[in-house]
Amino acid sequence: MKIKSVRGTHDLLPESVALWQKIEAEARGVFQLYGYEEVRTPILERSELFARSIGAESDIVQKEMYTFSDSKGNTICLRPEGTAPVVRAYLEHGLDHDGLIHKLYYIGPMFRHERPQKGRYRQFHQVGVEVLGSDHPALEAEVIEMLERFLHKLGVKGLRLLLNSVGCAKCRPAYVKVLQEELNKRQDELCPQCQRRSTTNPLRVLDCKVPACQPVIDELPSILDYLCDNCRQHLEKLRSYLDLQEISYEVTPRLVRGLDYYVGTTFEMVSSELGPTQNAVVGGGRYDGLSELLGGPPGKGFGFALGIERLVVLLEDTLDSRRPRPDVFLAYLDEGALKESFGLAQELRHQGVFAYIDFQERSLKAQMRLANRLGSRFTCIIGEDEIQSGQFPLKRMEDGHQVTLDREAIASYVIEDGVTTS
Ligand SMILES: [Zn+2]
Ligand SMILES: [Zn+2]
C-alpha cells in the first residue's frame, strides 16, 4: 500500500506554491515599508508556553495541541499559534530593554489537532504581525492600514473590517458580571456549549455561531456601554486615525476574545465568500497582559494573524498560477550535440536565461513536442553543422521568426527580446 500524507495536512504542488510565494513576497514587501522585520521562532515550544498564555483549561491546550515528552521528560508541543512564541523570544532576548518599539512579523506553519473540514487543516499556515512596546492607537491604525494595503496588493476583494474594544481589567469585570446575569436568565434558549460558557467564560458566548443562539446574543448588553474612560478614549482615537486613512470599519460589540490577556482593541476581517461561520481571514487585537503571563514585566503588544489557506481560497481564481516557461529549449540531434547543448545551457543559465534540455535522448520531433508543451519562448536545434560552424539557429516559437547567432550572442538576444515583447 502506498503511504499517504497525514490526515489534516496537505501537500502544496508547484502550481499552488506559485500563489503561496506571491502571498509571502507581498507580505514581506509591504511590511518592510512600515518598518517590520521578520522573526523566525522554532516550531517546537514547551507546552507550558501555551498553558500559561492561552490557558491550561482551553480547548487548544486540552484537546488540540500536539504534545509529547522528549527523552529528558520535557513536555514539548508543536506551536498552535504564533503570538506567544514571538513574545517569548522578545522577552528571552531582552528586546524589551532597549526602549524601542519592535515591529515583527512571521510566516509559517501552526498545528492543531482539530476535526479536519474544508479549509481547516491540522497543519495550517499563518502570516502574523506583532508590534511590541507601545499602545498608541495610531500604531494600531497603522497595522490595520498595512494589512489592508497587503490584501489590496494581492487583489483580495469584499473584505469587511470589524472593530471592537474588549475593555480592560478595570472595566471588563463589571460587564462580564452583567453578561452572566443576563445569560443565566436565558439558559434554556442557548446551545449546550453556550450554557457551559455562561459560567466558565461568558464572553465566548458572543462568538457562538449556532443559529438558535443568535437572537439571544443580539439582545445581550453591549460591552461598549461598560468601557472605562481610558478604553473609550482609546477606541475613539483609533477610529479617528482609521478615518484619517479613509479605512471603513464596522464597530461590532460582539467581537470579543475569550482570553484575559486581551485588552482594548480587537478586530477581524471577514469575507462572505468563506461562508457564514468560518468567515474570518484575519483576527487581531491588543494583548498587553501576555508579557506578564510569560514571566516578563508589564508589556504592550498588538498584532494579527492571517490564515494563508483562507486567503488562498479567496485568491485561487484570480491569480495566474502558470508555471515558468523556459526561455530557450535546446534540442539536440545526437550525443555529441547533447554535450554541446549541456555546455551551452550552463552558459545561458549563468547569464540569467532559463535553458531547458530534455535528457531522454528522444527524436527531434518528440523534443519539439515537449518544447511546445512547456511553452518555451525559443528553441535552438543543435547538430553537427552548428557545432562545426559555431552558428546557432534560434527560433521564436510565437511567430516562427528565426535568426542565426554566434553562441555567445544567444543569451543577450533572448534577454533583449524578452524586454521588448513583455
Ligand atoms: Zn477599561
Ligand atoms: Zn451557542
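Mentor: Start with the second largest pocket of this predicted model. Its space comes to about 420 Å³, the volume filled by probe spheres set on grid points joined across faces, edges and corners. A pocket here is an open set of points on a 1 Å grid over the protein atoms alone, where a 1.4 Å probe fits and protein lies on both sides within 12 Å along at least five of seven lines. The lining has 19 residues, each with an atom within 4 Å of a point. Nearest the centre of the pocket are Asp135, Cys168, Asn230, Cys231 and Asp288. Helix H9 gives the largest share of the lining, with five residues.

Cys168 and Cys231 both hold the zinc ion (ligand 1), together with Cys171 and Cys228. Each uses its SG atom, at 2.3 Å. A donor is an N, O or S atom within 2.8 Å of the metal (3.2 Å for Na, K and Ca).

Now the geometry. The angles among the four donor atoms run from 104 to 114°. That makes the zinc site tetrahedral, a label for four donors with all angles between 85 and 135 degrees. The ideal tetrahedral angle is 109.5 degrees.

Next, the sequence. The donor residues are spaced C-x2-C-x56-C-x2-C. Cys171 sits in the loop between strand S7 (159–165) and helix H6 (172–185), while Cys231 belongs to helix H9 (residues 229–244), so this pair ties together parts 60 residues apart in sequence. Helices (H or I, at least four residues) and strands (E, at least two) are DSSP runs, numbered from the N terminus.

Are these two cysteines buried or exposed? Cys171 is buried, at 6% relative accessible area. Cys231 is buried too, at 9%. Buried means under 20%, exposed over 50%, and partly exposed in between, with a 1.4 Å probe and protein chains only.

For another use of that word, turn to helix H2 (residues 47–55). Its buried residues are Ser47, Leu49, Phe50, Ser53, Ile54 and Gly55. Down the axis of H2 they fall within an arc of 160°, so they line one face. Their cover includes strand S2 (44–46), helix H3 (59–64) and helix H4 (83–92).

Last, the ground rules. Residues are numbered from 1 along each chain, with chains lettered from A and ligands numbered from 1 as written. Local features need pLDDT of at least 70, side-chain atom pairs need 80 or more, totals for chains, interfaces and linings use all residues, and side-chain values use heavy atoms without hydrogens or water.

Definitions and conventions: Four donors count as tetrahedral if all angles lie between 85 and 135 degrees; four count as square planar and six as octahedral if opposite donors are over 155 degrees apart and all others between 65 and 115; anything else is irregular. The arc is that of the directions from the helix axis to the C-beta atoms. Contact means heavy atoms within 4.5 Å.
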